[in-house]
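Hi,

Here is the structure I said I would pass on.

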Amino acid sequence: MTTTIDYDKLYLGGDWTAPRGGETLPVHSATTEERIGSVPLGTESDIDAAVEAARAAFDDPEGWPRWSAERRAEALGRFADELEKRGPETAQRVAMQNGMPIAVAENFEAMFPALLLRYYSGLMVEQQEERRPGMLGGTAVVSREPIGVVGAIVPWNVPQGITFLKLAPALASGCTVVLKPAPETVLDAFLVGEAAVAAGLPAGVLNIVPAGREVGAHLVEHPGVDKVSFTGSTAAGRAIAETCGRLLRPVTLELGGKSAAIVLDDADLQSNIESFFASTLLNNGQICWLGTRVLAPRSRYQEVVDTISGLAGSLTIGDPLDRSVQVGPLVSSRQRERVEGYIAKGNSDGGRLTVGGGRPDRDRGWFVQPTVFADVDPNHTIAQEEIFGPVLAVIGYDDEAEAVRIANDTDYGLGGSVWTADVERGEAFARNVRSGTIGVNHYVNEPTAPFGGIKASGMGRELGPEGLVAFQQLKTIYLPPAAAAN
Ligand code: NAD
């Protein structure tokens with residue numbers, strides 16, 4: 001009999017507490033389809049209790065927001081240490097739940113949270129309030145205050161990395177947080193609760209309520225919440241933005257993408273093949289910024305199609321816990337159906353399937369073969385809509401001007417990459433692509449630089465100092481001219 005990971009309490013108000021509802025949320029392995037654990041399913045009453053705890057912690061006159069940045073940094077350093085101790089277990093749980101290959105999970109999920117906590121704690125310690133000599137006499141003291149109680153809502157695809165894009169700057173700046181993880185990936189979130197208890201985070205500073213979208217919507221509109229930070233689909237982002245617009249509640253949205261990987265006519269793709277894989281097919285295609293529209297020059301079209309098809313066809317598919325595996329299963333059977341629907345559409349729209357297109361020969365797990373379509377028209381559905389699976393669409397172009405036009409012919413604007421033998425040429429090309437981020441011959445989420453999208457890919461930025469400012473409000477105190485001081 002396999003042991004399962006089961007929790008019967010929620011981390012809320014600084015300790016493990018009994019849930020208000022009686023329902024349980026089962027968790028399944030994407031590889032074996034078996035039930036591997038369960039947690040209490042959070043309810044609106046749990047959200048109410050969590051917001052109340054976060055509110056009390058924020059409003060306490062001697063509480064978390066009033067601590068010095070150094071004191072918070074010390075507490076968050078302990079939190080980072082406790083998360084690191086649980087890093088291997090975190091990576092394993094994520095890999096089992098959403099199919100992320102273990103080496104990727106060790107980076108994005110085990111390492112990133114502690115790194116971000118230390119980075120943002122350090123930025124806060126350095127942040128100074130300004131004293132500006134005024135034009136009208138007097139002095140303006142300009143400070144940055146924590147924005148308040150944060151509702152953080154995250155998806156299942158990179159659950160820990162994305163969680164800490166929000167938690168690290170929010171907590172460092174003095175905010176308190178209610179975190180709602182996605183139902184598919186909750187077992188890793190409970191390790192965060194365990195680490196918070198072990199680190200002795202003060203009561204109410206962090207509260208975790210696993211639940212679905214209706215309960216998430218309740219968090220978004222809760223009167224005790226001051227800021228919403230959301231990562232997920234564009235459809236949910238629009239609904240959340242509408243609510244926040246009505247409430248005049250600040251909101252950051254990291255949404256979907258359909259980024260372009262533009263191969264210029266001098267590119268040596270073969271010698272950059274690992275970076276190309278990481279920029280287009282990583283995490284089984286379940287990352288928002290992947291370059292899933294590959295733009296290839298007609299002068300070298302067939303060669304590019306062959307290289308990419310060769311890559312996709314050579315990848316090792318299997319159990320993500322096996323270190324040799326490059327492509328694991330998708331997160332759920334629903335997600336696999338969605339991806340297979342797009343593959344069918346790619347075929348019926350007239351794309352030329354060059355590799356993949358089906359399921360690998362395995363009796364269990366929500367696997368889809370890495371798939372490449374050539375001869376895709378920029379208007380085809382698979383060139384316009386986010387698939388969120390290992391499916392690439394190769395589109396031909398005649399010259400750079402046409403490549404720029406096609407790259408920008410999308411509702412989205414999140415990531416992208418340019419492939420070339422000449423980095424300066426790549427940088428110049430990258431300036432013409434309308435997206436929040438873009439890489440030359442690779443793509444990474446560099447922690448010190450802002451990440452985020454334009455158009456239907458979202459509003460606001462995470463990472464970098466800009467990611468900290470998203471959890472702060474500016475405040476000005478007007479001091480009188482010296483003569484009027486008394
Ligand atoms: P989703 O929008 O269905 O769910 C994301 C989270 O939001 C979940 O926790 C869900 O329970 C919650 N939710 C859904 N609707 C809600 C609502 N109306 N109010 C409050 N909460 C709500 O997305 P998903 O299918 O879980 O994730 C995949 C999507 O996330 C993809 O579109 C992907 O591009 C996007 N994504 C974007 C980024 C980014 O940084 N831009 C990163 C990862 C994933």
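Contact here means heavy atoms within 4.5 Å. With that in hand, and bearing in mind that this is a predicted model: among contacts in the protein between residues at least 6 apart in sequence, 73% join residues at least 24 apart.

On the overall picture, I count 15 helices and 21 strands in the protein. The radius of gyration is 23 Å, close to the 23 Å that the globule rule gives for 486 residues, so the protein is as compact as a globular protein of that length. Buried residues account for 58% of the 486.

The crossing of α3 past α4 is right-handed. From α3, the residues in the contact are G87, T90, A91, Q92, V94 and A95, and they meet I102, A105, E106, E109 and A110 of α4. By class, that contact has six nonpolar, three polar and two charged residues.

The other pair is α5 (residues 159-173) with α6 (residues 187-199), where the angle is about 45° and the axes lie 10 Å apart. That makes α5 oblique to α6 as well. Here too the crossing is right-handed. On the α5 side you will find P159, Q160, F164 and L167, which meet D188, A189 and V192 in α6. This contact divides into five nonpolar residues, one polar and one charged.

Most residues other than glycine have a negative phi. So which way does phi go at N283, positive or negative? It is positive, at about 55°, although N283 is not a glycine. You will find N283 in the loop between α9 (273-280) and β14 (291-297). N283 counts as buried because its relative accessibility is 0%, and the cut-off for buried is under 20%.

L463 is another one to check: its phi is positive, about 70°, and L463 is not a glycine either. The loop that holds L463 runs between β20 (458-459) and α15 (464-469). L463 is buried too, with a relative accessible area of 2%.

Finally, two single positions. S143 sits in strand β7 (residues 139-146). Its relative accessible area is 13%, so S143 is buried. Leaving aside residues up to four places away in sequence, S143 touches E129, Q473, L474 and K475.

A217 belongs to helix α7 (residues 213-221). At 41% relative accessibility, A217 counts as partly exposed, since that class lies between the 20% and 50% cut-offs. How far apart are A217 and G138 in space, C-alpha to C-alpha? The distance is 45 Å, and the two residues are 79 apart in sequence.

Best wishes

How values were computed. Residues numbered from 1 in each chain as written. Predicted model: local features only at pLDDT ≥ 70, side-chain atom pairs only at ≥ 80, totals over all residues. Heavy atoms only, no water. Left-handed = near helix turned anticlockwise from the far one by under 90°. Helix = DSSP H or I, 4+ residues; strand = E, 2+ residues; numbered from the N terminus. Nonpolar A, V, L, I, M, F, W, Y, C, P; charged D, E, K, R; others polar. Rg over C-alpha atoms; globule rule 2.2 N^0.38 Å. Buried < 20%, exposed > 50% of the residue type's maximum accessible area, 1.4 Å probe, protein only. Axes fitted to C-alpha atoms, helices over the stretch in contact; angles between N-to-C directions. Parallel < 35°, antiparallel > 145°, perpendicular 65-115°, else oblique.
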